[in-house]
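Hi,

Here is the structure we talked about. Please look it over; my notes follow below.

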2 protein chains.
Amino acid sequence: MAGQAAIDFWYDPASTYSYLAAMRIEDLAEEAGVAVRWRPFLLGAIFKAVGWTAPPFEALPTKTRNMWRDMERLTAEYGLPFAKPDPFPFNSVLAARVSLAASEADRPRLTRAIYRAAFGERADVSRPEGLAPAIASAGLDPEATLAAAVSAENKARLREETEAAEAAGVFGAPTFVTADGDLFWGNDRLERALAAARGLAAA
Amino acid sequence: MAGQAAIDFWYDPASTYSYLAAMRIEDLAEEAGVAVRWRPFLLGAIFKAVGWTAPPFEALPTKTRNMWRDMERLTAEYGLPFAKPDPFPFNSVLAARVSLAASEADRPRLTRAIYRAAFGERADVSRPEGLAPAIASAGLDPEATLAAAVSAENKARLREETEAAEAAGVFGAPTFVTADGDLFWGNDRLERALAAARGLAAA
């Protein structure tokens, strides 16, 4: 049965490679004819569940250094702004809540603005003052958006979304999941995930 | 100053994604006009130095499962045989010694044969009996090659090579290092590493 090709795009606002995917996915998905569901979640909660209190790369300083070098190279290749966040990792709870609080129509634009602020302009998106200019630049009202973000309902929804990510087998970010549950991890898998989603819908 | 473009290709015989890179690098390097130095090392020794006794992905069963799913997809895309090794990870010390013992001319062919045996035919390449057919299939003498592999000199050389990998900043496999020391980690970075090596030589 042919239908609309679709994909879940799971991201954490503090994830380096989710920044790259967030800035690339819309054009690539349009080209592939795939609808994207933008789903923020908290990767830290999934790490905490297996006993990790820090991202796994932190144990190897050479690996951490290379991640930033890799980000330098890839942002240059993609033509994206890049300024290493400091501190890193930063607390992404509020940014994830803000991203989730937006309507589905606004969420991609708002989320890209948050990523650009965090990884392109070194804004402190862990705090309302750092998020407000990004929200405004996406054409939304900072005060209303931040209020919606911290509502009890939206907080509960982010917890549920994080549980849904875990249930879908998500262990990192970005992650792409096709309609049949096949999981693709990492910005490097974005094109293949979209091709798979398109193939499924055509089948 | 223009010169011959070159790259170091660091691999561990037990590394899944090194299998993919080993099978792909020769054609891609030839196309890019880049000479490849095949350098086996022991990733476990580098992990051990930071206190890891198991590969980091093992803490997250969902991540381990996805690695195999990803390998299934990528081997299909590349047209490579694939049979998940069992047990995994396997001890790769002897296979790394065998790869290093070969001449530079024989090493690529021999190493590909070992990878094909380990990841395409589920051969137990942790042992001489599992390695012998792979060595023979590469047109080399199994007995002589295995004897050279376990010589005191070759064992010492592998330790030195592993130290050289660590000194170069290697934290995973496969890793590609260009003449200026820039490091690219993972099969996903092979094409970009070759392009960088080529760019350096042309500069």
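**Notes on the model**

A:R122 sits in the loop between α5 (107-120) and α6 (128-137) of chain A. Its phi is near 55°, a positive value in a residue other than glycine. Helices (H or I, at least four residues) and strands (E, at least two) are DSSP runs, numbered from the N terminus.

Conventions next. This is a predicted model: local features need pLDDT of at least 70, side-chain atom pairs count only at pLDDT 80 or more, and totals for chains, interfaces and linings use all residues. Residues are numbered from 1 along each chain as its sequence is written, chains are lettered from A and ligands numbered from 1 in the order in which they are written, and side-chain values use heavy atoms, with hydrogens and water left out.

**Confidence**

Chain A has a mean pLDDT of 95, and 98% of its residues reach 70 or more. pLDDT is the predictor's confidence in each residue, from 0 to 100. For the complex, the predictor gives an ipTM of 0.94 and a pTM of 0.95.

**Backbone**

A cis peptide bond links A:D86 to A:P87, with omega about 5°. A:P87 belongs to the loop between α3 and α4 (93-101) of chain A. Chain B has a cis bond too, between B:D86 and B:P87, with omega about 5°. B:P87 is in the loop between α3 (61-78) and α4 (93-101) of chain B.

**Interface**

How many residues does each chain bring to the contact? Chain A brings 25 residues and chain B brings 25 residues. Contact here means heavy atoms within 4.5 Å. The area buried between the two chains is about 2400 Å², and carbon and sulfur atoms give 51% of that. Buried area is the accessible area (1.4 Å probe) that two parts lose on being put together, summed over both. A:L60, A:F171 and A:R189 supply 23% of the area that chain A buries against chain B, more than any other three residues.

Across this interface the rule finds 10 salt bridges. The cut-off is a side-chain nitrogen of Lys or Arg within 4 Å of a carboxyl oxygen of Asp or Glu. One of the salt bridges pairs A:D70 with B:R189, the closest N and O atoms being 2.8 Å apart.

On the side of chain A that touches chain B, α3 (61-78) and β4 (183-185) each supply at least two residues. The largest share, nine residues, comes from α3(A). By type, that side of chain A divides into 13 nonpolar, three polar and nine charged residues. Ala, Val, Leu, Ile, Met, Phe, Trp, Tyr, Cys and Pro count as nonpolar, Asp, Glu, Lys and Arg as charged, and the others, Gly among them, as polar.

**Symmetry**

Chain A can be laid on chain B with an RMSD of 0.0 Å, by a turn of 180° and a shift of 0.0 Å along the axis. The two copies are thus related as by a two-fold rotation axis. Both copies use the same surface: 100% of the contact residues of chain A recur in chain B. Superposition is by least squares on the C-alpha atoms of residues with pLDDT of at least 70 in both copies.

**Salt bridges overall**

Over all chains, the search finds 30 salt bridges. One joins the side chains of A:R39 and A:D8 (2.9 Å, N to O). A:R39 lies in strand β2 (residues 34-40) and A:D8 in strand β1 (residues 5-11) of chain A, so the pair ties together parts that are 31 residues apart in sequence.

Best wishes
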